[in-house]
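Welcome! Here is a short briefing to read alongside the structure, with the main points grouped by topic.

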Amino acid sequence: MAASPGPAGVGGAGAMHGSGPSGFAFDSGLEIKTRSVEQTLLPLVSQITTLINHKDNTKKSDKTLQAIQRVGQAVNLAVGRFVKVGEAIANENWDLKEEINIACTEAKQAGETIAALTDVGSLNHPESDGQITIFTDKTGVIKAARLLLSSVTKVLLLADRVVIKQIIRSRNKVLATMERLEKVNSFQEFVQIFSQFGNEMVEFAHLTGDRQNDLKDEKKKARMAAARAVLEKCTMMLLTASKTCLRHPNCESAHKNKEGVFDRMKVALDKVIEIVTECKPNGETDISSISIFTGIKEFKMNIETLRENLYLQSKETLSATLEALLERTEDFTDCAYTSHEHRERILELSTQARMELQQLISVWLQAQNKKTKSVSEELELTILKISHSLNELKKELHSTAAQLAADLLKCHADHVILKALKLTGVEGNLEGLAEYACKLSEQKERLVETCRLLRHVSGTEPLEITCIHAEETFQVTGQQIISAAETLTLHPSSKIAKENLDVFCEAWESQISDMSTLLREINDVFEGRRGEKYGYLSLPKPMKNNANVKSLKPDKPDSEEQAKIARLGLKLGLLTSDANCEIEKWEDQENEIVRYGRNMSSMAYSLYLFTRGEGPLRTSQDLIHQLEVFAEEGLKLASSVQAFSKQLKDDDKLMLLLEINKLVPLCHQLQTITKTPLQNQMFLKVDKCITKTRSMMAILVQLLSLCYKLLKKLQMENNRWVSVTNKDSVDGKT
């Protein structure tokens, strides 16, 4: 659920939430509650899994029994928090209140059942050898867990429906106000309506921003980011374009300029609703399927299946797929800006791929008739040859698009044409306007063409969507700049017309800058510097020209090591539950000690998820960074506790200082471990780090409990002193 602004090339799409031209900053109680629902669900699922997966046919020690009981209690507590959030959502949404309350009741019953069935004290019949066997009714636990997960899912789905309805309602309000803005005739009326429009856009920005952050599908997240980027930039354009129209009501170019902004905003609003409702108008097809890189990837997967099954594909299908793929390369060869060398190389590799497919089909048919070893080897060789040719074609296409984009960005970095348009406008030079408008149109066409080529070689679906967004932005904004420049040229002394042209030019410059970032991201993906996922025991990327090749292999853990890490992680997960229980006791949730404790517990839970291959931490570098921050938070906590201890009497103060003296050295030791390079021993490093983290969490639980008790004691003493003082004061007056 962490914030994710979307692809950098989208043009500051992530900035719409909490900032922007209208001062976007809005707080939705429902969004906070819905987010809380999912946050309480995360620890719930892992704890239930722990309960169900334990071995019920083995003897358990008292320590293990206590641990299982703690898990059951933690589940019940998490369910309690979950139910409170669900009921709060129900109270705000009467149309779904009954359904949500029923699901919450089921969840509460299931949580209580799990707590009861894992209560060691309820087992009054020990086995003959004196040891207790936990879960005499494991079936009951599984049944309760299923009911719990079912009811939790219902609440989440209902909460999701509430959020979608809110977004649709918010969009409809924005559209209704936009219609009023389109028809407004007086400046005073416009100011009043635009003020209302700004507030409605604030609400819509927040709702869609939270929705974007919550989306799991990176492709949808990129589409949402692109649509929100349009709305953010167009809000300021709408203001200046509308003011220009009101100031110059008979100017055709001003009206054309304003209509372009309204049309683009309406399309963006519709796109947002398509994303949140997951429906496409008129059976619209997925535009990202036209990417050449995607086509090459799918074609290679198809031919590689021949190794396992010679009859899974047909030669007609493979031939048609390759032809459709090579047809798309015409976007490169037909482009007027592609160099002669690149064009010839692309055509040469395309011809080579066709010839190698024919050779593959010939060997493939032979292999179907006689399954000899030599034929199998020949088939393998032809598969490798065509794969190599397609890889070479990918390199050439990437090189072509990247070079065109780099040259174009370099050529227009100083924005000479925009400066010239502004100057001709202020001078009222109609001939100069025609000349530079023509040049801007040429630049726009070249940028649009380059974005189309970059889309083919982007490598990931989110980046493809970002390329499409850039292409559309250049296409629309280029024409709007020309109409804004025309208005200024016809009214050269108009301050609002000049301001309007400046706003559109800034949007163009911003998109050029975003395109530079987009190109860098595409290059990173192509060179393997982005999008890779490593296991938590992976080593860093090897340095070039390293002679010791053997040392570059990952230090993969064996089953025993994996089991050890999993055990350490499970204990860490239980400690986070204990810490959260202690935190909930505090009335003042903004207390520094509570705040640092909550941060540490949250990070420790991320580490626990990491040991299971889940959660936000994906690489060993992510883990190390998280541990560094965890150690820093530990030191901050120690400092806050020390400050609190100064208010206490000597005996109480000593108790706290003893716990602090245990925590601080562990923080420094963890910092040392994270900074110590252990080449080929990443498992050892992870093991040490989690062990230290577990020790720190155990002390955290003790500190939170002790501080809470001492704070209560201090408050009681202060209240008693105040009471006595007041009594003395009253007696004195008497």
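Leaving aside its neighbours within four places in sequence, which residues is Tyr 337 in contact with? The answer is Leu 404, Glu 442, Arg 446 and Glu 449. Please keep in mind that this is a predicted model. With that said, here is a tour, starting with the whole protein and ending back at Tyr 337.

**The protein as a whole**

- The protein has 734 residues, and buried ones make up 47% of them.
- Its secondary structure comprises 21 helices and zero strands.
- Taking the contacts with a separation of 6 or more, 78% are between residues 24 or more positions apart.

- The whole structure holds 27 salt bridges, and the pairs described here are among them.
- Asp 95 pairs with Lys 165, and their closest N and O atoms are 2.1 Å apart.
- Asp 95 sits in the loop between helix H2 (62-92) and helix H3 (97-117), while Lys 165 belongs to helix H4 (residues 138-183), so this pair ties together parts that are 70 residues apart in sequence.
- Lys 165 has a relative accessible area of 34%, so it is partly exposed.
- Helix H4 also supplies Glu 182, which forms a salt bridge with Lys 266 at 3.0 Å between the closest N and O atoms.
- Because Lys 266 lies in helix H7 (residues 252-277) and Glu 182 in helix H4, the pair ties together parts 84 residues apart in sequence.
- Both partners are partly exposed: Lys 266 has 26% relative accessibility, and Glu 182 has 30%.
- Lys 220 and Glu 278 meet through their side chains in another salt bridge, with an N to O distance of 2.6 Å.
- Here Lys 220 comes from helix H6 (residues 218-247) and Glu 278 from the loop between H7 and helix H8 (292-304), so the pair ties together parts 58 residues apart in sequence.
- Lys 220 is partly exposed, with a relative accessible area of 22%, whereas Glu 278 is exposed at 59%.

**A network of charged residues**

- Salt bridges also link Arg 345, Glu 348, Glu 392 and Lys 395 in a network.

- Glu 327, Glu 330, Asp 331 and Asp 334 form a negative surface patch.
- Within this group, Glu 330 lies in helix H10 (residues 330-333).
- Glu 330 counts as partly exposed because its relative accessibility is 39%, which falls between the 20% limit for buried and the 50% limit for exposed.

**Back to Tyr 337**

- Where does Tyr 337 lie? You will find Tyr 337 in the loop between H10 and helix H11 (340-369).
- With 34% relative accessibility, Tyr 337 counts as partly exposed.
- Tyr 337 and Thr 400 are 63 residues apart in sequence, and in space their C-alpha atoms are 9.7 Å apart.
- As for the opening question, the contacts of Tyr 337 beyond four places in sequence include Leu 404 and Arg 446, along with two glutamates, Glu 442 and Glu 449.

Note on methods: Residues numbered from 1 in each chain as written. Predicted model: local features only at pLDDT ≥ 70, side-chain atom pairs only at ≥ 80, totals over all residues. Heavy atoms only, no water. Patch = residues over 30% accessible without salt bridge, like charges linked within 9 Å, V, L, I, M, F, W, Y side chains within 5 Å. Areas by Shrake-Rupley, 256 points an atom, 1.4 Å probe, with all protein chains shown as cover. Salt bridge = Lys/Arg side-chain N within 4 Å of Asp/Glu carboxyl O. Lys, Arg positive; Asp, Glu negative; His and termini not counted. Charge placed at Lys NZ, Arg CZ, Asp CG, Glu CD. Helix = DSSP H or I, 4+ residues; strand = E, 2+ residues; numbered from the N terminus. Buried < 20%, exposed > 50% of the residue type's maximum accessible area, 1.4 Å probe, protein only. Contact = heavy atoms within 4.5 Å.
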